[in-house]
Amino acid sequence: MDDLVQFRPAGLESSFSGDLKDESAGITEMPANLLRFALTHSSYGIVFRAEVEETSMFWTKTFIPTLKESPEGAEIPSHVLMLRAGLINQVMAGAYTYLPLGMRSLRKAESIVRQEMDAAGAIELMMPSMSPIGLWEQTGRDAAFGDVLVRVELKRHNRKVTVVLGPTHEEIVTDLVAHHVSSYRQMPITLYQITPKFRNEERPRFGVLRTSEFLMKDAYSFDTSVDGLNRSYEAMYRAYCRIFDRCCLAYLPVEAESGPIGGDASHEFMVPANNGEDKIVHCQMCGYAANLERAEIGSRQGSDAPTSLLPLQLVATPGVTTIEQVSNFLHCRPQDLIKTLIYLADGQPVAVLLRGDHEANENKIRRAFRAKEIALADPRTIEEVTGAPVGFAGPIGLKKDVPLIADYDVQYVRNGVTGANKADAHYCGVNLGRDFQVSQFADLRCAVDNDPCPRCTGTLRLRPAIEVGHVFKLGTKYSEALNARFLDTDEQLKPIIMGCYGIGINRILAALIETTYDENGIIWPVALAPYEVVVIPVNVTDERSREVATSLHDELSKAGIDVILDDRDVRAGVKFKDADLIGFPLRIVIGERGLAQGNVEIKWRWEKTAEMHRLENVASVAAEWIREERKTGERFKAAVYGTTKGRDR
Ligand SMILES: [Zn+2]
C-alpha cells in the first residue's frame with residue numbers, strides 16, 4: 001500500500017473528501033467512472049493501481065526483448081506482433097508469459113473491465129481455480145466438458161482427491177449463493193471476478209487467442225424473476241458496450257443461441273477479423289447481426305425461368321455417396337441435389353431435406369421438430385428408415401414413415417437428384433409435388449453469403465470474427481442442480497434465476513491487434529497502450545538531447561502520463577523501428593538540429609507525418625492530447641477504422 005500512496009497523481013493525497021473535480025486535485029484527467037468509483041468506495045488505493053502505478057520508465061531499466069524476425073510457428077498477425085514487440089514469450093504450446101509491456105496492456109484492459117463492472121453495480125470477489133470434481137458431477141458438466149475440463153489428482157494424506165481447474169465458475173458461485181442467499185430480499189445481486197481460467201486445448205494455436213490458460217472476467221447474476229434477470233442482463237450488455245468502446249474495438253454484438261430461456265437471451269460480442277475462428281452473419285443495411293448457428297434467413301425466392309419437367313429416372317451410381325461424388329458422376333451442380341438427412345430427435349428418427357450445397361443447422365432442425373436434443377442418426381437407424389445403406393437416402397419411397405421437414409430452398413429445386421433408398425442408385429428428374437410430398441417447410445440451414453436479410457431487404461454477409469465477450473441468460477439450470485433456492489414474497493421456495501457473462505481479457509488485446517496493425521507493427525489506442533508516450537532522443541550521447549529528453553519525461557510523468565524514455569545508446573533507426581513495432585500511440589523525437597532551433601517533433605503512431613512543436617510547449621500539448629484521447633479514443637478510431645464509432649463499423 002505504501003507504494004500506491006507514493007505513486008498517486010500529484011495533489012491527490014491532499015484530500016479525498018474535497019472536491020474531486022478541483023484541478024488542484026490532479027485527477028480531472030481520470031475517466032469519469034473512475035471518479036464515481038473513488039467516491040462510492042473507500043478502497044481507492046486498489047482502484048488507482050492500474051492507472052498510476054509506475055507511470056514512467058527508462059527503456060534501459062525495463063525488459064523489452066523485441067525480435068527482428070517473425071518467430072517460427074506464429075501464424076497470425078496478433079501472434080507474430082505480440083511476440084516480436086516483446087509483449088509475450090511462449091513457454092509451451094498454448095502457454096505464454098506476459099512480459100512487462102504485455103502485462104501493462106493486459107492490466108489496462110482488466111482495469112477498464114473492472115471499472116465498468118463496478119459502475120454497473122456488479123460486486124467483485126475471487127474464487128479459487130481449484131474446485132472439487134463433485135460440484136461438476138452434480139451439474140453434469142464433468143461429462144459435458146469431457147477432455148476440455150482440466151482434472152488434477154491431488155494426494156491428501158492417504159487418499160487421492162480429484163479437483164478441477166475451472167474453465168468457468170458457475171458451479172462454485174452457485175454453491176456459494178446456495179449457502180448464503182435464501183430470501184428474495186438478498187437479490188438481485190451480480191458477482192464477478194477476474195481470474196485465470198483453464199481449458200485443455202487439444203490444438204492450442206493463434207497465440208493468446210486459443211490457450212489452455214487465460215484471464216477471464218466472469219460475472220453471474222442472481223434474480224428472483226425473469227423480469228429481474230432481463231434487467232441484470234441489460235445492465236451487463238450495456239456495460240460490455242462501454243468496455244469495448246473504451247478499448248476502441250470495432251465490435252458487433254451478435255445474437256447467439258438462446259439456450260433454456262429462449263427468445264433474445266444470448267449475445268456474443270464479436271470483432272470481425274480475417275483470422276477469426278467464428279463466423280458471424282451481418283446485414284450492413286439494417287445492422288442485423290447473429291452468429292452462424294443463430295442467424296435467420298429472409299424469405300427465399302426461386303428462379304422465374306420456366307423449366308420443363310423431366311421424367312423421373314432411376315440411375316445406377318455404384319459406390320457414389322457424397323454430394324461431391326454424385327455431382328461429379330451425374331454431371332450436375334450440388335444445388336441440383338436434394339440431400340436427405342436422417343436425425344434422431346429426442347431419440348425418434350426424423351428426415352430432413354436440404355439442397356445439396358447447403359449446410360444443415362442443427363439448432364434450427366432441433367427447433368423445427370420441437371426437440372430437446374438432436375443428433376445425426378447412426379448407420380443402423382438410417383438403414384431401418386431408408387432400407388438402403390448410408391449415402392443413398394431420398395424422399396421417394398422411404399421404408400419407414402417418419403416425420404419429414406424440408407428447408408425452404410428445396411421447393412425451388414427442379415429436376416433434382418436424390419438418393420433412391422436403394423444401394424448404389426439415385427433418382428434423376430426428381431420434382432416436388434409430382435414425385436414426393438412435403439407437409440412442412442422450415443428454415444433448416446446455415447446462412448451463406450448473399451442470403452436475404454431476415455429483417456430488411458438487404459443481403460447478409462458472412463464474416464470471420466473473434467469472440468471477446470458473451471452474455472447469456474442461464475435460467476435455473478445451475479440453481480436447480482445445486483439447490484440454490486430462495487423464499488419468495490409469496491413464501492414459496494423457488495430456484496434462483498441466473499445469468500452468466502464472460503469477457504476474455506487476453507482476447508481483447510489479440511482482437512485489437514488483429515484489426516489495428518500495419519507493416520511496421522502494432523497500433524495501440526491510448527486506452528490499452530503499454531505506454532502512452534515514447535520519448536526518443538536521437539543521440540543520447542549528446543548531453544543537451546539527453547537533458548531535454550529526461551526533463552520531458554519527468555514533466556509528462558508528473559502530469560500523470562504513461563511515458564517511457566528510450567535512453568538506449570543505439571542507432572536512431574533501431575529506436576524508431578521498435579517504437580513503431582510496439583506501437584506507442586504518441587512519439588516525441590528530440591533531434592540535435594531541431595533542438596538548435598528550439599523545436600521538437602511529435603507524431604501519432606497512426607499518422608504519416610510528424611508536427612514540429614516549440615520545446616517549451618511540447619509537454620503540455622502531449623499531455624492534453626493524451627488526456628483527450630484517453631476519454632474518447634476518437635483520433636485512433638477515425639484514423640484506424642475511418643469512423644469515430646467503433647461499433648457497427
Ligand atoms: Zn437487414
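Predicted model: local features only at pLDDT ≥ 70, side-chain atom pairs only at ≥ 80, totals over all residues.

Reply: Residues are numbered from 1 along each chain as its sequence is written.

Me: In the open sheet of three strands, which are the edge strands?

Reply: The order is β14-β20-β19 with antiparallel pairing; strands (E, at least two residues) and helices (H or I, at least four) are DSSP runs numbered from the N terminus. Two strands pair if DSSP finds at least two bridges between them. Pairing on one side only, the edge strands are β14 (313-316) and β19 (416-419).

Me: Which residue in β20 is the bridge partner of G419?

Reply: β19 and β20 (residues 425-430) run antiparallel and are joined by three bridges. In β20, the partner of G419 is H426.

Me: Why is one side of β17 and of β21 left without a neighbour in the sheet?

Reply: The five-stranded open sheet has the order β17-β15-β16-β18-β21 and mixed pairing. β17 (374-376) and β21 (440-442) stand at its edges, so each has a single partner strand.

Me: At what angle do the axes of α16 and α19 cross?

Reply: Axes are lines fitted to C-alpha atoms, for helices over the stretch in contact, and angles run from 0 to 180 degrees between N-to-C directions. The axes of α16 (residues 543-558) and α19 (residues 615-632) come within 10 Å. They cross at roughly 35°.
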